[in-house]
Amino acid sequence: ESDVAQHGVGFSLLDRVRQRFLKDMIAGATEGNEGGGRYVAMVLDEGTVKILSSCLRVYDLLEEGVTVVETIEKPRQSLPSLDALYFLTPTMTSVRNLQKDFKDPKRPQYGNIHIFFSSEVPEQLVRQLAQDPNVVCRVKTLKDMNLNFIMHDSACFHCGRDRDIVDLFPGP
């Protein structure tokens, strides 16, 4: 069955991706936060900043309960009373940066954490997280989102791989 038949004439990939972020990721992380709050800090890495900013605005995030958006590579203020939603690329660098946020159990960067990866997480990285007692005790969510692409408009995206055309169609 074609996408048009299944989803109707108004099918928009951009709308579907926005819904994955807003409903599957953010709403899941803000529901049932400890203390009854519905607010979270969002932590992104260099790769996921590009992915998220291609389809959502800051207003969209604020409306869903994201109070602050920060990058994991930069120093950040500690907010231990606030839960955090991490949207990261599945790399050792991003996982190590996340672990640094919780290296001191008496001074954690955030409260509970919801970890979403932009694509499939290698088993080695899952083990790395599972073996860190300061992180594993705070994890409430761990998911692959399969959103490792950048939206251009409602039906066009790219995977951020600048050399693909050159590699696929080398010159004479």
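Tutor: Two strands pair if DSSP finds at least two bridges between them. The model discussed here is predicted.

Student: Which residue in S5 stands opposite Phe117?

Tutor: Strands S4 and S5 run parallel and are joined by five bridges. Pairing requires at least two bridges, so S4 and S5 count as a pair. Within S5, the residue that stands opposite Phe117 is Asp144.

Student: In what order do the five strands form the open sheet?

Tutor: Strands of a sheet pair through backbone hydrogen bonds, in either a parallel or an antiparallel manner. In this model the pairing is parallel and the sheet is open. The order of its five strands is S2-S1-S3-S4-S5.

Student: Which strands stand at the edges, each with a single partner strand?

Tutor: The order of the strands is S2-S1-S3-S4-S5. A strand at the edge has a single partner, so one of its sides is left without a neighbour in the sheet. The strands in this position are S2 and S5 (139-144).

Student: What is the average twist from one strand to the next?

Tutor: The sheet consists of five strands with parallel pairing. From one strand to the next, the twist averages 15 degrees.

Student: How many residues apart are Arg76 and Asp101, which link distant parts of the chain?

Tutor: Arg76 lies in the loop between strand S2 (66-71) and strand S3 (83-88), while Asp101 lies in the loop between helix H5 (92-100) and strand S4 (113-117). Both Arg76 and Asp101 are buried.

Student: Is Glu123 buried or exposed?

Tutor: Glu123 and Arg127 lie four residues apart in helix H6 (residues 123-130), about one turn of the helix. Arg127 has 41% relative accessibility and therefore counts as partly exposed. Glu123 has 58% relative accessibility, and the cut-off is over 50%, so Glu123 counts as exposed.

Student: What is the volume of the largest pocket?

Tutor: The lining of the largest pocket has three nonpolar, three polar and seven charged residues. The volume of this pocket is about 320 Å³.

Student: Which of the 13 residues that line the largest pocket are the closest to its centre?

Tutor: The lining of this pocket includes seven charged residues. Of the 13 lining residues, the closest to the centre are Arg76, Lys100, Asp101, Lys103 and Gln109.

How values were computed:
Residues numbered from 1 in each chain as written. Predicted model: local features only at pLDDT ≥ 70, side-chain atom pairs only at ≥ 80, totals over all residues. Heavy atoms only, no water. 1 Å grid on protein atoms, 1.4 Å probe; cavity = no way out; pocket = protein on both sides within 12 Å on 5 of 7 lines; lining within 4 Å. Points joined across faces, edges and corners; volume = space filled by probe spheres on them. Nonpolar A, V, L, I, M, F, W, Y, C, P; charged D, E, K, R; others polar. Helix = DSSP H or I, 4+ residues; strand = E, 2+ residues; numbered from the N terminus. Buried < 20%, exposed > 50% of the residue type's maximum accessible area, 1.4 Å probe, protein only. Axes fitted to C-alpha atoms, helices over the stretch in contact; angles between N-to-C directions.
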